[in-house]
Amino acid sequence: MRTDTAPAISRHDYQPYPYRLPRVALQFDLDAECTRVHARFEVERDGGGLPPLVLNGQELSLVSVSIDGTQLDAGKYRLDDETLTLFPEAARFIVEIASECRPAQNSALMGLYVSGESLFTQCEAEGFRRITWFPDRPDVMSRYTVTLRGDKTAYPLLLSNGNLVAGSELENGRHEAVWEDPHPKPCYLFALVAGSFDCLERRIRTGAGRNALLQIYSDKGSRNKTEWALDCLHRSVQWDEQRFGLQLDLDRFMVVAARDFNMGAMENKGLNIFNSSYVLAEPDTATDASYHGIESVIGHEYFHNWTGNRVTCRDWFQLSLKEGLTVFRDQQFSADMMAHGLSEDAARSARAVKRIDDVTALRVAQFPEDAGPMAHPIRPESYQEIANFYTATVYEKGAEVIRMQHTLLGEEDFQAGIREYFRRHDGQAVTCDDFVDAMDSVYRARHPGKSLDVFRRWYSQAGTPRVHVTLQHDADQGLCSITLRQHCPPVGIEKLQSPPLEKPPLHIPFALGLLDAQGQALALRHEGQEHETVVLDLCAESQTWTFPDIAERPVASLLRDFSAPVIVEYDRDDAELALLARHDTDPFARWEAGQELASRQLLAMSQSGSAKQEDAILIETWRALLHDPALSDAYRARVLTLPATKALLEKTDPMDPLAVAQAREDLRARLGQALADSWLAIYQACAAAEPREYSPDAVSSGRRALKNLALAYLAAGRHPQAESLAQAQYESARNMTDRMGALSALVGQGDTPAATRALRHFYEQWQHDPLVVDRWFALQATACATRTDTVRALMLHPAFTLRNPNRARSLIFQFCMNNMLGVHRPEGYEFWAEQVLALDALNPEIAARLARAFDSWARYAPSNRDAVHSALQRIQQHEPLSRNVAEIVSKALN
Ligand code: ARG
Ligand code: ZN
């Protein structure tokens, strides 16, 4: 057993940095093999004493270091693996450090690295230390001047943060650009890009009357794929002005697409760097989902300019301060864009669709995380490697925690809270508490006697709370009372604590509606007013609310619009769920009821080995939904999609992934057959309505989603026309959504000649486009007939490489994380361990993500559990092992 895991860093150990660094000047002599960096910074001490000046650095070669112009001898500083320590003799001085780094050798893609022929940086969270020695922490903020020098042919464009203030020609075919960023920033927001790019740009005038230049840079030849991204950026600027009153504070806002990128994108001040998959789109190569993904990530990074950059994090434990808030903002942006221009009802439905998608993502990724070995509060208490904490919990649950504050305060007061937050903290590096304080000040002022004191516990408690509901009806008095009882079982390391950890109750805004037996909404009297939906403030372990004038026993519509990230426990029969699925006036709760009905069926099937179960209620409910003319296509597509296997597994103990995945396949086939005529009619109606001109708007993308869902059901049900419809759709498709929908229906039929032919054709046609080739790998990785040997064979394909994160994700991650039927076998787990180790040698951050594929292993049935256990041990025993993977594996084995 390894014992040499890195020490944990604790939230409570925070100490301010003892010096200020108001100005930084960086000079780069760029070269892919060896880049020389000259850093010069002013250092100032405010308090007494002259503590050592500790600078972080990784994989750098030190050339020289000087203080106030005098070069230091080796005895005058201390240099070890990850720090350079200087011993100041005055309260103000200037440090100059020359060092070298090796971009072409940097396969971790943190710091300065090569992608294609170009140079890029990624500094968040701790990548700047791979560029030069520096206090690499977010609470040290400086004004940067950056001089970039490089070969004019290789690097015709030299970009960094802020404004271009000078440029000149140098000797030997080199040139120079000088950039100045007027805004003080932490080093994690530093960026540079050098290379040859296309640029699409637009001059805009902001609401405040500022002229600004928006630019999207991408690989030569892809300018025509950046129009959508530029549109999204422009709309982001306008939306942040209109909804949040936040103005663009830059003359120039640049986005650059990189083929090799660890995450989605990065909000470097004025110079966002993006994974090309979140920039490039044209109808022929990008699906509706890609268009919407681009909109949300462009929005997300742009919104960081205020929530992240103008006000940043004091330390990395506060990551959710910027990420949770910014995800909330991008979700609101997308919802507003989806609803834009629609009638009131259609807009409500479009918002519900966005909510359903966000909640589905939360349940598939965050709920399991919160129940597993990596469970942590949205503000973690400790970490070994911060890169491991860019999690669904910090991001998505963090966004839910902001959303609950929005629910408690309402839009107007929430915006007042945001204004207060910026009034107090603009230009600072602050904590999550500072954010809640600003919101609380508004909340207390508007609601005397109330506060966010109990609410704050969301920041320190891990685990998904459970809310148990009981409904009592007194027919004589016409009273209905609802009792809510919350509890949050220990998770992850909490389980090891003795005495057991106390988890005090949280403040849970619980939205409730009541329907009569015909599904009509009842008016609820609450706090002196009548409502169709009331938001109950559950703050204690158990609370009861009583509603008058309820003549008959009502049907409860619970946690409307998913008002809190909790699990609801409520006993009710299938008939009640069916009624809600048909009639609930809250579109989210209505969807939820249908999902719950399907979940019950699936879980029963998974336990009985899919032996025939009584399914009449489910089939009739789905038939009704299929034909309900009041529902939008997008909404119907969500309602008629079976719950995700991962979400279902969370409801089982022990978990049997193969059985649940198989049950899902079987029920899909059953629904495909039982409703075949309806699917066919829907398919034909949607197909006939497809316009020539592609648009990713909510209505058209909803129609395509429903059409392709119908096709998938027909294929799953082995409808005699399924293959020919899919083939015809593949051949005539005028956009990637339809082409992929058809291909996936063909491949879903197994290794048929038609599937093989279409796959071959697809590759031949799109092999020049990396993002489309990623789709080709991903589709095969997740096909239900794919097994480990199929994946091994695909890895030998000339287009495959582990070095490109998108490619590794499209094949390896898709198989290990999204192909339950393929991977949950002894050879699947072995393959996984092997790939974690192979990736770890190249890119620890990416390897650590893959290492989390079977986080829930301790809850698996014994045979799966033992097989994952040995695979985990094999990883743990490997040397060397990155700190990233070591942390994940040691937690999993705890
Ligand atoms: N701040 C980026 C975002 O917008 C994520 C960057 C994380 N980078 C990393 N290498 N872990 O969400
Ligand atoms: Zn972010």
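The model is predicted, so local features need pLDDT of at least 70 and side-chain atom pairs count only at pLDDT 80 or more, while totals for chains, interfaces and linings use all residues. Residues are numbered from 1 along each chain as its sequence is written, and chains are lettered from A and ligands numbered from 1 in the order in which they are written. The chain holds 25 helices and 33 strands; these are DSSP runs numbered from the N terminus, helices being H or I of at least four residues and strands E of at least two. Its radius of gyration is 28 Å, close to the 29 Å from the globule rule for 894 residues, so the chain is as compact as a globular protein of that length. The radius is taken over C-alpha atoms, and the rule is 2.2 Å times the number of residues to the power 0.38.

**Overall fold**
- Along the principal axes, the C-alpha atoms of the chain fill a box of roughly 90 × 70 × 60 Å.
- Of the 894 residues in the chain, 50% are buried (20 or more other C-beta atoms within 10 Å of the residue's own; exposed means 12 or fewer, partly exposed in between, with C-beta atoms placed from the backbone).
- Among contacts between residues at least 6 apart in sequence, 70% join residues at least 24 apart; a contact requires C-beta atoms, placed from the backbone, within 7 Å.

**Annotated domains**
- UniProt, in an unreviewed entry, lists residues 51-189 as "domain: Aminopeptidase N-like N-terminal"; positions follow the numbering used here, feature names are shortened, and annotations may be inferred rather than shown by experiment.
- Residues 51-189 are 0% helix and 54% strand, with end C-alpha atoms 27 Å apart.
- The unreviewed UniProt entry gives residues 463-571 as "domain: Peptidase M1 alanyl aminopeptidase Ig-like fold".
- That span, 463-571, is 0% helix and 46% strand, and its end C-alpha atoms lie 22 Å apart.

**Shell around ligand 1**
- The shell has 15 residues, of which Glu 124, Asn 262, Met 263, Ala 387 and Tyr 390 come nearest; a residue belongs if its C-beta atom, placed from the backbone, lies within 6 Å of the ligand.
- Two or more shell residues come from each of β20 (265-266) and α2 (288-304), and α2 gives the largest share, 3 residues.
- By class, the shell has 6 nonpolar, 4 polar and 5 charged residues (nonpolar: Ala, Val, Leu, Ile, Met, Phe, Trp, Tyr, Cys and Pro; charged: Asp, Glu, Lys and Arg; polar: the others, Gly among them).

**Helix α24**

**Backbone details**
- The Asp 653 to Pro 654 peptide bond is cis, with omega near -5°, and Pro 654 sits in the loop between α11 (645-649) and α12.
- The Glu 879 to Pro 880 peptide bond is also cis, with omega near 0°; Pro 880 lies in the loop between α24 and α25.
- Asp 68, not a glycine, has a positive phi of about 50°; it lies in the loop between β5 (61-67) and β6 (70-71) and is exposed, with 11 other C-beta atoms within 10 Å.
- Asn 172, not a glycine, has a positive phi of about 60°; it lies in the loop between β14 (163-169) and β15 (174-186) and is exposed, with 6 other C-beta atoms within 10 Å.

Key
Contact = placed C-beta atoms within 7 Å.
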